[in-house]
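This report concerns aromatic rings and the charges placed over them. Please consult the sequence and the structure shown here while reading.

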Amino acid sequence: METFDPTELPELLKLYYRRLFPYAQYYRWLNYGGVIKNYFQHREFSFTLKDDIYIRYQSFNSQSDLEKEMQKMNPYKIDIGAVYSHRPNQHNTVKLGAFQAQEKELVFDIDMTDYDDVRRCCSSTDICSKCWTLMTMAIRIIDRALKEDFGFKHRLWVYSGRRGVHCWVCDESVRKLSSAVRSGIVEYLSLVKGGQDVKKKVHLSERIHPFVRRSINIIKNYFEKYALVDQDILENKESWDKILALVPETVHDELQQNFQKSHSSLQRWEHLKKAALKCQNNIKNDKCGPWLEWEIMLQYCFPRLDINVSKGINHLLKSPFSVHPKTGRISVPIDLQKVDQFDPFTVPTISFICHELDANSNEEEKEGNEAESDIKHRTRDYKKTSLAPYVKVFEQFLENLDKSRKGELLKKSDLQKDF
């Protein structure tokens, strides 16, 4: 993937919003089949323009309206908010207190910077293939719980464009949830608790919840390669002292000695597992707790959610197909069937897809196809670029939403028949 030059962004955005943004699919998503009147019209959008100019409470009558405004404004970033009681662009004309957020998808935001205390390869906004495994585990753990524990069907996972992932849960019943219920769901999905000053962030009781067991089973598939090889979390005294701070003092001396004799994180982890087992079997020593090994695995690998993003109905979240202004990468949907293969470094940049489009357009002109209408162009231009497979993932998600909606309508009509 070619390098991205941020100075080119204004011109690239013009081309992107004019020729490549998948408006039809995007509108189809946020209109939800047009079942509820004014659903799209009451949705808040916010645009961040060049020089960090931030415009909230944008709303649009139609797909065409949205297209025209995006092509006029060329936003550096698009955020999606709630569906309100009134049109957001008229919020100043509504009686005080009457303008209320009523519905929104349940959303999750997972950011790599929240793992800085446990990843050793990168920090801050940097990511690499070694720490990206944290996002893979996060998607697998949270998605399994949303699907199996809560029964949510329509989950759209999206790469943020830089260092994290977002999830949009779009079931009709979910969009109506109160802040209190959203808080309950995110609390259920949170195990790592405590700020920078808290050393031990995971505490398990003897009665392990099935959610924790299932999460551990997912982490076990990645732990050795990710934590012990790639992150080398027991490489030297400085790194293993961090882990010893999480275990009871009664086993510190024994582990220190064994760690010094060992030659790798893999060997040291085996010693830790033996010490944890011995501790677990020593009933008199209840300070140890029975699940020491799991607590460390969870602290180093379990998803870290931004709770406020999920519980607030009126909270904004970056839109799919936004462009990240620092990396130039597109916020693309992630195929849940290929989570392990997803590589953020192969996600197309805006400069790359615009150059692909230019190259294809030049080819077509040589072949004499330049007379095609702009509308025909726009419906298939993204298909000529590396954006196409990601739009296809989005379309599959929309197909499933449509099928579900039709199924619900059939059920309702059957119930209403008189026999």
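## Charges over rings

Arg213 lies over the face of Trp291, 5.8 Å from the ring centre. A charge sits over a ring if NZ of Lys or CZ of Arg is within 6 Å of the ring centre and within 35 degrees of the ring normal. Tyr32 also has a charge over its ring: the charged end of Arg175 is 3.6 Å from the ring centre.

## Basis of the values

The model is predicted: local features need pLDDT of at least 70, side-chain atom pairs count only at pLDDT 80 or more, and totals for chains, interfaces and linings use all residues. Residues are numbered from 1 along each chain as its sequence is written, and side-chain values use heavy atoms, with hydrogens and water left out.

## Aromatic pairs

Rings of Phe, Tyr and Trp (its six-membered ring) pair if their centres lie within 6.5 Å; planes under 30 degrees apart count as stacked, over 60 as edge-to-face and the rest as tilted. The count by this rule is 30 aromatic pairs. One of them is the tilted pair of Phe21 and Tyr23, with 4.9 Å from centre to centre and 50 degrees between the planes. Buried means under 20% relative accessible area (1.4 Å probe, protein chains only). Phe21 is buried at 2% relative accessibility, and Tyr23 is buried at 3%.

Trp29 and Phe394 form an edge-to-face pair, 5.9 Å centre to centre with 85 degrees between the planes. This pair links distant parts of the chain, 365 residues apart: Trp29 belongs to helix H2 (residues 23-31) and Phe394 to helix H15 (residues 388-416). Helices are DSSP runs (H or I, at least four residues), numbered from the N terminus. Trp29 is buried, with a relative accessible area of 0%, and Phe394 is buried, with a relative accessible area of 0%.

Note on methods
Buried means under 20% relative accessible area, exposed over 50%, partly exposed in between (1.4 Å probe, protein chains only). Helices (H or I, at least four residues) and strands (E, at least two) are DSSP runs, numbered from the N terminus.
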